[in-house]
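Hi,

Here is the structure I promised to pass on. Have a look at it first, and then read on for what I found.

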Amino acid sequence: MALLKDWNQHVSSIDQLDPGENIGKFIEGETIALAAGPPVFDPNNLDSVSVMHLVGLCQSIGITQGQQTQRVFELGSRRSFIVPGRSAGSLVISKLWINGHSLLGSLYRAVSDAATEEALYRKPGYNYKYTNLQSELFHRPVGILIMVHDQNDDMVSASFYECCYISSSNWGTSAAGLTVASNVRVEYEEEYPIDPGTIETEV
């Protein structure tokens, strides 16, 4: 860890690392994987994580987290205090739309197509080409895993987002459009960071 007292912009980088120490440690889009599966994370059964379905042709992932805060003042002082509260988060995912699994279908691969045909009044679609968010299928949560590697293929981080629900879905195109992307916003109940050393031995 670099200290301010050691800072010299003419001598080295901020972290004072040898240039060779950064080789292959950068994170790129190609070193991040998104997977979906069972809604609940079981830390004692990481095998269930390793068989989650990968979501292909993803174009972007965004994660937003927020925490309730309240600023409190007191009579007789100009000072204020910040009181922290609950936190919540959401994900935004974009995927290219091809003649294959849609984004909604990719997130719900753990639910068999036959089960949706038999049990649901409003169908999400067919053959995992789901587009109908009104379907009762989307009353069921899924789990989402985001796994991050560096260029050396070493694990950087992994997080399981538990009990994810689709809050919105959209797609659009234009006459000049070359490709079509679909997008979803996902609200999740809990995030469980996974020890990279633990999951790397299982996956």
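Before the details, one cut-off to keep in mind: a residue is called exposed when its relative accessible area is over 50%, and buried when that area is under 20%. Please also remember that this is a predicted model.

With that cut-off, Leu54 is exposed, because its relative accessible area is 65%. Leu54 sits in strand β2, which covers residues 53-54. Setting aside neighbours within four places in sequence, Leu54 is in contact with Ala33, Leu34 and Ala35. Tyr126 is 72 residues away from Leu54 in sequence, and their C-alpha atoms are 19 Å apart in space.

Now the overall picture. The chain has 4 helices and 10 strands, and along the sequence they come in the order β-α-β-β-β-α-α-β-β-β-β-β-β-α. The radius of gyration is 22 Å, well over the 17 Å that the globule rule gives for 203 residues, so the chain is more spread out than a compact globule. Along the principal axes, the C-alpha atoms fill a box of roughly 65 × 55 × 50 Å.

A few totals for the chain:
- Of its 203 residues, 31% count as buried.
- Its accessible surface is about 13,100 Å², with 52% of that belonging to carbon and sulfur atoms.
- Among contacts with a separation of 6 or more, 60% are between residues 24 or more positions apart.
- There are 13 positive and 24 negative side chains, and the centres of these two sets lie 12 Å apart.

On to the inside. In soluble globular proteins, nonpolar side chains tend to be buried together. Here the largest nonpolar core has 25 residues, and those touching the most other members are Leu107, Tyr108, Ile144, Ile166, Val184 and Val186. Two or more residues of this core come from each of β1 (32-37), β4 (80-96), α2 (103-107), β7 (142-149), β8 (155-172) and β9 (181-188). The biggest share is from β7, which gives 4 residues. There is also a second, separate core of 11 residues, with Phe41, Met52, Leu145 and Phe160 among them.

Val184 has contacts beyond four places in sequence with Leu91, Val92, Ile93, Leu103, Leu104, Leu107, Ile166, Ser168 and Ser169. Leu103, in helix α2, is buried, because its relative accessible area is 2%. Apart from residues up to four places away in sequence, Leu103 touches Val55, Ile93, Ser94, Lys95, Ser182, Asn183 and Val184. Leu103 and Ala35 are 68 residues apart in sequence, with 12 Å between their C-alpha atoms.

Last, some backbone angles to check. Most residues other than glycine have a negative phi. Which way does Asn127 go, positive or negative? Its phi is positive, at about 55°, although Asn127 is not a glycine. Asn127 lies in the loop between β5 (125-126) and β6 (129-130), and it counts as exposed because its relative accessibility is 51%. Cys163 also has a positive phi of about 55° without being a glycine. Cys163, however, is found in strand β8, and it is buried, with a relative accessible area of 12%.

Cheers

Definitions and conventions:
Residues are numbered from 1 along each chain as its sequence is written. This is a predicted model: local features need pLDDT of at least 70, side-chain atom pairs count only at pLDDT 80 or more; totals for chains, interfaces and linings use all residues. Side-chain values use heavy atoms; hydrogens and water are left out. The radius of gyration is taken over C-alpha atoms; the globule rule is 2.2 Å times the number of residues to the power 0.38. Buried means under 20% relative accessible area, exposed over 50%, partly exposed in between (1.4 Å probe, protein chains only). Contact means heavy atoms within 4.5 Å. Accessible areas come from the Shrake-Rupley method with a 1.4 Å probe; for residues, only the protein chains shown count as cover. Lys and Arg count as positive and Asp and Glu as negative; His and the chain ends are not counted. The place of a charge is taken as NZ of Lys, CZ of Arg, CG of Asp or CD of Glu. A nonpolar core is a set of buried Ala, Val, Leu, Ile, Met, Phe, Trp, Tyr and Cys residues joined through side-chain atoms within 4.5 Å.
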